[in-house]
Each structure stands twice: as C-alpha cells, then as structure tokens.
Amino acid sequence: SNELKNDREIVLAALNHHGKALEYASYELKNSLEFLLIAAKKNLYSMNFVSRELNNHRDAFLIVVKQDGTLLERASEDFKNDHEIVLAAVRKHGLSLKYASNELKNDREIVLQAVKQHGPSLRFASNELKNDSEIVLAAIKKKNIIRHASNELKNDREFVLAAVKKHAHSLRYASNDRKNDREIVLTAVNKQGLSLRYASRELQNDREIVLASVNQDAHSLRYASTELNNDREVVLAAVKKSGLSLKDASIYSNELKNDREIVLAALNHHGKALEYASYELKNSLEFLLIAAKKNLYSMNFVSRELNNHRDAFLIVVKQDGTLLERASEDFKNDHEIV
C-alpha cells in the first residue's frame, strides 16, 4: 500500500534520518518542494527522484547548488545563465565555472569568485578575463596556474615577477623575454632552485644565478650551462649542499669527479656519492672508508679487489655485521672479522 508512503509525518521522519528516503515516498510527496528541500539538506542524491518540473524549480535549485556547486552541470541552460545560481555554485566549487554560460564565463564577479575558490578554474574563464591581472593573480594565490593566463600577461614583467614570487615554477609559462629577465629568474631560483630549468640559456650560464640555484637545490646543477656544470666553484657549492648532486656534475667531462676536494665534500655529505666519483677515487681505500662511515651501501660501487681488502672489510663489518653474508670464504673463516 502506498498509503503510508503518502503520510507526511512518516515521510518527514524518514527524511530527517536520510534524504535518500525520498525515493520511496509517494509521487505527491516526492514532488513537493517542501519535502525536496528537507531531503536535499540530508542527501543531495535525492534530486534524482523528483520530477523534471521540480528539478527546474529555481528556488529549490538555488538552495541545493549552495550545498554542492557541481550540480550546476545538470542544470538547465536557463540556470547556467542565471547570475545568482552560477555565483552560488562557483563559491562552493570553483570548477563549476566550466558549466556556466559563455556570458557568465565573462562575468568578472563570477570568475573572480571561482578562482578564489579554486585557482585552476581560470581555464574556463573567457579570454578577456584571462587577461585580467587581478583575476589571474587571485588564481595564482591558490595554485600555479599562470599557464592559463593570456600571452599578454605572460609577457607582463610586473605580473610574472609577482607570479614567481608565489610559485617559482610559474617561470615555465612565462614568455621567452621574461625567462631572460635576470631579476625574475633570480627571484625564481632563490625560491626554488630547480626552476633554473626554465631560464633562458643565457641565464643558465649566469654564475650568480646558477650559484643561487644550487644553494637552494643542489640538483639544479643539471640545468646549468655546460660551462658552469663543469665549473669547480659551482660544483663544490652543489656537493656541499647535497653530496648526491655529484651525479649531476661534469655531465660532459669526468674531470671534477676525479677532484679529491669535491669528492671528499660530497662523501662528507652522503656516502652513496661514491657511486658518482671517478673510477680512480671510487677504488681508493681512503675514499671507501670515508664513504662507508656515511653509508655502507657505498660498498656496492667499488671494485672486487677493494671489496676483498681485509682492512677495509674489517672496518665496515664492525659497523654492520650483516655484511659478513657477502664476504669471501676467506673472510668468513677469519677469526677477527667474524
């Protein structure tokens, strides 16, 4: 019997517990604005069980879209062009701007609210508003989305400088002129060294910029010019920051990987840096012992002869007895080592 499913008190009690209960109410109550609003506050899924007419009831839709902005996707074209409804939607869910009418994607108030809620919403704004510096800067405060800005803004010095101060990797989307702007690039690498990757070739060969970059992140050394990647001062600064950046040094030459001071500085930071040293230093007992004190894993990068060097093995096995497993039969039979 549908009699009880049409009982207002019973259906109201059910809805107060779970909005989806609207699915099981009578047709009359299911299509009551009063009951829809009660149900929607509990569960927006209840919108699936009402008539098309009620789904298109403006006051009802405005209330539910304030709870879940994504519902704008299923709205009528009229609602997608309704300023109040779209504004309510993007305040809750910025990406709902995608479903607004073209007219409202060009509405400054709506787009500003959308990007303040979720920066990447900018990609759905009109081209005109993608060229509005206030809107784009508001979007950047949320996330690095300069890529959605107009080409004009990507070439605007003040705008790009503000963008890299917030997100250094915004440099990636700047115009070539701005990637060659010394102040902008220096600002970017001081914030995030790896943004050196996006600088012009000319500035990747700028000693001050590259030094600032490796001091912020040693691994940005890989993006320095060939000349500075093989520069002793620059490489020494990098390995002092992170020994493992020795991997990125002298990409086109092994000269600095055979430099005792540089390799020693790298090992003092991280024993695993021995992996990237020259063959000569990698197979030096002196350097192995320094490396092993930092990281026993460095034993993997030396020659078999050095691995079988008794004095060396005795020192490292004192640090980690499990290394006996990989020892030669002679060492396993050596009283002092065992």
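Author: Happy to, and we'll go through some helix pairs, a few loop residues and some helix ends.

Reader: Great! What kind of model is it?

Author: This is a predicted model, where local features need pLDDT of at least 70, side-chain atom pairs count only at pLDDT 80 or more, and totals for chains, interfaces and linings use all residues. Residues are numbered from 1 along each chain as its sequence is written, and side-chain values use heavy atoms, with hydrogens and water left out.

Reader: Okay, at what angle do H16 and H17 pack?

Author: Helix H16 (residues 232–241) and helix H17 (residues 260–269) pack at about 15 degrees, and their axes are 7 Å apart. That makes H16 roughly parallel to H17 (angles under 35 degrees count as roughly parallel, over 145 as roughly antiparallel, 65 to 115 as roughly perpendicular and the rest as oblique).

Reader: Which residues of H16 and H17 make the contact?

Author: On H16, they are Arg232, Val235, Leu236, Val239, Lys240 and Lys241; on H17, they are Glu261, Ile262, Ala265, Ala266 and His269. Contact here means heavy atoms within 4.5 Å. By class, the contact of H16 with H17 has six nonpolar, one polar and four charged residues. For the classes, Ala, Val, Leu, Ile, Met, Phe, Trp, Tyr, Cys and Pro count as nonpolar, Asp, Glu, Lys and Arg as charged, and the others, Gly among them, as polar.

Reader: Nice. Which residues of H17 are buried?

Author: Ile262, Val263, Ala265, Ala266 and Leu267 are the buried residues of H17. Buried means under 20% relative accessible area, exposed over 50%, and partly exposed in between (1.4 Å probe, protein chains only).

Reader: What happens at the start of H17?

Author: A side-chain oxygen of Asp259 comes within 3.0 Å of the backbone nitrogen of Glu261 there.

Reader: What sits in the loop between H8 and H9?

Author: Asp132 lies in that loop between H8 and H9. Asp132 counts as buried, at 17% relative accessibility. The side chain of Asp132 reaches the backbone nitrogen of Glu134 at 3.1 Å. Not counting residues up to four places away in sequence, Asp132 touches Arg108 and Leu153.

Reader: And how do H9 and H11 pack?

Author: H9 and H11 pack at about 10 degrees, with their axes 10 Å apart, and are therefore roughly parallel to each other. Ser133, Val136, Leu137 and Ile140 in H9 meet Phe159, Ala162, Ala163 and Lys166 in H11.

Reader: Where is Asp181, and is it buried or exposed?

Author: Asp181 is in the loop between H12 and helix H13 (182–191). Asp181 is buried, with a relative accessible area of 10%. A polar atom of the Asp181 side chain lies 3.1 Å from the backbone nitrogen of Glu183, and one lies 3.2 Å from the backbone nitrogen of Ile184. Asp181 also touches Arg157 and Leu203, not counting residues up to four places away in sequence.

Reader: Last one: where is Ser175?

Author: Ser175 is in the loop between helix H11 (157–166) and helix H12 (176–179). At 17% relative accessibility, Ser175 counts as buried. The C-alpha atoms of Ser175 and Asn155 are separated by 5.1 Å, with the two residues 20 residues apart along the chain.

How values were computed. Axes fitted to C-alpha atoms, helices over the stretch in contact; angles between N-to-C directions. Helix = DSSP H or I, 4+ residues; strand = E, 2+ residues; numbered from the N terminus. Polar contact = N/O pair within 3.5 Å; in protein donor to acceptor, adjacent residues only side chain to side chain.
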